[in-house]
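Work through these exercises with the sequence and the model side by side. Try each task before you read its solution.

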Amino acid sequence: MTRPRRLAAVALSGAAALSCAVLTAPAHAAPSVDTPVATVQLGSTAAAVRPAWDARTDSGAFVPSGTYAWKLTAEPRDGPGPAHALTGTTTAG
């Protein structure tokens, strides 16, 4: 069993719909490095969030070893304003 690796820690000032996608590692990318391999379910919240990923695809299979990009998106729920995004990388394997 792989222990989930924390991707980020974010404090939100207002309610937001959150999504976090783990994207294909460049070495395994076909056809695009923006291809999601997993989605971390976060729901809607107005608190601190700490998304983590267990190096599995959405279907439950382990991903190949490598570096993966991730993108956390927060869409405001309590009024107008732009969506915010945070990106980074993590490793598997």
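**Exercise 1: A residue in a strand**

Task: Find T90 and state which strand holds it. Then decide: is T90 buried or exposed? The model is predicted.

Solution. Step 1: T90 sits in strand β8, which covers residues 84-92. Step 2: its relative accessible area is 6%. Step 3: buried means under 20%. T90 therefore counts as buried, at 6%. Step 4: look at its surroundings. Neighbours within four places in sequence are left aside; T90 then contacts R5, L7, W53, G66, T67, Y68 and W70.

**Exercise 2: Two alanines in loops**

Task: Locate A55 and A47. Classify A55 and A47 by accessibility.

Solution. Step 1: A55 lies in the loop between β6 (52-53) and β7 (66-76). A47 lies in the loop between β4 (36-45) and β5 (48-49). Step 2: A55 has 10% relative accessibility, so it counts as buried. A47 has a relative accessible area of 37%.

Step 1: check the backbone of A55. Its phi is positive, about 65°, although A55 is not a glycine.

Step 2: Now take A16. A47 and A16 are 31 residues apart in sequence, yet their C-alpha atoms are 9.2 Å apart in space.

**Exercise 3: The whole chain**

Task: How many helices and strands does the protein chain have? What share of its residues is buried?

Solution. Step 1: count the elements. There are 0 helices and 8 strands. The pattern along the sequence is β-β-β-β-β-β-β-β. Step 2: of 93 residues, 31% count as buried. Step 3: consider the surface. The accessible surface is about 5,600 Å², and 53% of it belongs to carbon and sulfur atoms. Residues 24 or more positions apart account for 60% of them.

**Exercise 4: The nonpolar core**

Task: Which residues have the most contacts inside the largest nonpolar core?

Solution. Step 1: the core has 20 residues. Step 2: those with the most contacts inside it are L7, V22, V37, W53, V63 and Y68. Step 3: β3 (16-23), β4 and β7 each give two or more residues to this core. Step 4: follow V22. Beyond four places in sequence, V22 touches residues including L7, V37, W53 and Y68. In soluble globular proteins, nonpolar side chains tend to be buried together.

Terms used:
Residues are numbered from 1 along each chain as its sequence is written. This is a predicted model: local features need pLDDT of at least 70, side-chain atom pairs count only at pLDDT 80 or more; totals for chains, interfaces and linings use all residues. Side-chain values use heavy atoms; hydrogens and water are left out. Helices (H or I, at least four residues) and strands (E, at least two) are DSSP runs, numbered from the N terminus. Buried means under 20% relative accessible area, exposed over 50%, partly exposed in between (1.4 Å probe, protein chains only). Contact means heavy atoms within 4.5 Å. Accessible areas come from the Shrake-Rupley method with a 1.4 Å probe; for residues, only the protein chains shown count as cover. A nonpolar core is a set of buried Ala, Val, Leu, Ile, Met, Phe, Trp, Tyr and Cys residues joined through side-chain atoms within 4.5 Å.
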